[in-house]
Amino acid sequence: MEQVVLAHGIGGRQDLPIPFTYALWGGAIAVAVSFLALGLLWRESKLRGAQAGLPLPLAAQRVVDSAAFGWALRLLGLALAGFTAFAALFGPDLANNPTAGIVYVLFWVGIVPASLLFGPVWRYLNPLRTIHRLLALALRTPPEQGLRELPKSVGYWPAAAGLFAFTWLELVAPDRATTSTLKIWFGLYAGVHLTAAALYGSRWFDRCDAFEVYSALIGKLSPFGRRADGRLVLRNPFDGLDSLRVEAGLVATVCVMLGSTAYDGLSNSIAWITFVQDSGRSPVLLGTLGLTGTILLVMVTYTLGTWASGVFGHVPYRELPGLFAHSIVPIAVGYVVAHYFSLFIFEGQHTLILASDPLVNGSDWFGTAERGVNYRLVSPATIAMVQVLGVVIGHVLGVVAAHDRAVRLFPRTHAIAGQLPLLVIMVGYTLGGLTLLFSS
């Protein structure tokens, strides 16, 4: 089962239908050319953020906003969490237990396409939010009501810490695929968040639950969203990104999203594996330092790039990292798609097979217990192309989002020049991301 955590990629340099060097420089050139094209064709801000969107039929909104629909999703989330807990507590030994696959593959990776398609889905499925809501109903108090107000200075900082803790669990922690480790981690996570929700109310989950924030940030790229007036709309995903409000800890959160995935590529590279084996030091210590260092490298380079952009404008340099943080979201999503696409396709099948094992639940619920993993579902060349395109498209979308924000913030005569430092950083991320991805 340990392979669930480690085997994140199937494609490699040899699987690309073009030479790797061409893919590497082609990606960097695509990002640079998109920047030049935007400079010529996109000279004024076109995005309207939370004010944009084509209203969906009122009948659809009534269904989505209905109590029955909301409770159906909450109960579904509870049922899925209950099944996972049952497998962790009473399932078979590690080799045949689906818990790690459910957590690291179906949940952690699956939340990305679900959020891209439908928006912040984890807000509605989150079992901790539902448990808190049920407790509030039992006590006859509004779920939003807490013992005190949540300070604005808290912002996204707890979510950033939670994402770091989970990615450390996934990529570094010893025995990370064992049910005992997962039970301890999620037990502590549930205890912290339920206690905080009792203190601050359900608003705690909005900005402080790592998985809700992760889903919500990715959901900004969904074609479905809410206007500022609460109307359910079909929207340009760039408007969704533009609607992201700057709050404390936002920059740290998006940098953890991007940096942790970059470290995943680094940790699977031949150079890193050789370094860890030859160092004679604890792999956990080196992994922790590597994960922390990669995230800090992303944060420092991004911050310096945005500060340098401020030389050409009239915006206080301290505000710039937050104002451009939304442009990092599609880059992080592109990295996730590139790193986890093959894991989701193949280990997802394997997890469903284990979850259907009668030893786990008494019956073949998913009808997959007798099936094997179909490794011919997608070819290695297809996986390799998805990996390259995921990184490149993510960066191009980031350039578009950053460009629109720049022409809104900076004087027209300096808007293009103001983006150059951030463009250099994005091209560097593209080259580094592709190199790490195909260096294993």
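Predicted model: local features only at pLDDT ≥ 70, side-chain atom pairs only at ≥ 80, totals over all residues.
Residues are numbered from 1 along each chain as its sequence is written, and side-chain values use heavy atoms, with hydrogens and water left out.

Now the overall picture. The protein has 21 helices and three strands. Both are DSSP runs numbered from the N terminus: helices are H or I with at least four residues, and strands are E with at least two. Of the 440 residues, 50% are buried. Buried means under 20% relative accessible area, exposed means over 50%, and partly exposed is in between, using a 1.4 Å probe and protein chains only. Among contacts with a separation of 6 or more, 80% join residues 24 or more positions apart.

Back to Trp 108, and to the core. A nonpolar core is a set of buried Ala, Val, Leu, Ile, Met, Phe, Trp, Tyr and Cys residues joined through side-chain atoms within 4.5 Å. The largest one here has 95 residues, and Trp 108 is among those with the most contacts inside it, along with Phe 166, Phe 211, Tyr 214, Leu 258, Tyr 302 and Phe 324. Which helix gives this core its largest share? That is α18, residues 328-355, with 10 residues.

Next, please find helix α8, residues 127-139. Its 13 residues reach 18 Å from first C-alpha to last, close to the 18 Å expected at 1.5 Å a residue. The expected span is 1.5 Å times one less than the number of residues. At the N-terminal end, Asn 126 is the cap: one of its side-chain oxygens lies 3.0 Å from the backbone nitrogen of Leu 128. That is a polar contact, a pair of N or O atoms within 3.5 Å; within protein, one must be able to donate a hydrogen and the other to accept it, and residues adjacent in sequence count only if both atoms are side-chain atoms. Pro 127, Leu 128, Arg 129, Thr 130, His 132 and Ala 136 are buried in α8. The buried residues of this helix pack against α4, α7, α10, α11 and α12.

Is Arg 140 buried or exposed? Arg 140 counts as exposed because its relative accessibility is 80%. You will find Arg 140 in the loop between α8 and α9. Asp 175 also has a positive phi, about 55 degrees, although it is not a glycine. Asp 175 sits in the loop between α9 and α10, and is exposed at 51% relative accessible area.

Let us move to Ser 215, in helix α12. At 0% relative accessibility, Ser 215 is buried. How far apart are Ser 215 and Trp 122 in sequence and in space? They are 93 residues apart in sequence, yet 6.0 Å apart in space, C-alpha to C-alpha. The side chain of Ser 215 reaches the backbone nitrogen of Trp 122 at 3.3 Å.

Gln 387 belongs to helix α20, residues 380-409, and is buried with a relative accessible area of 1%. Its side chain reaches the backbone oxygen of Ala 338 at 3.4 Å.

Finally, the record. An unreviewed UniProt entry lists several spans as "transmembrane region", including 71-90 and 284-304. UniProt positions are given in the numbering used here, feature names are shortened, and annotations may be inferred rather than shown by experiment. In the model, residues 71-90 are 100% helix and 0% strand, with end C-alpha atoms 27 Å apart. Residues 284-304 are also 100% helix and 0% strand, and their end C-alpha atoms lie 30 Å apart.

Terms used: Contact = heavy atoms within 4.5 Å.
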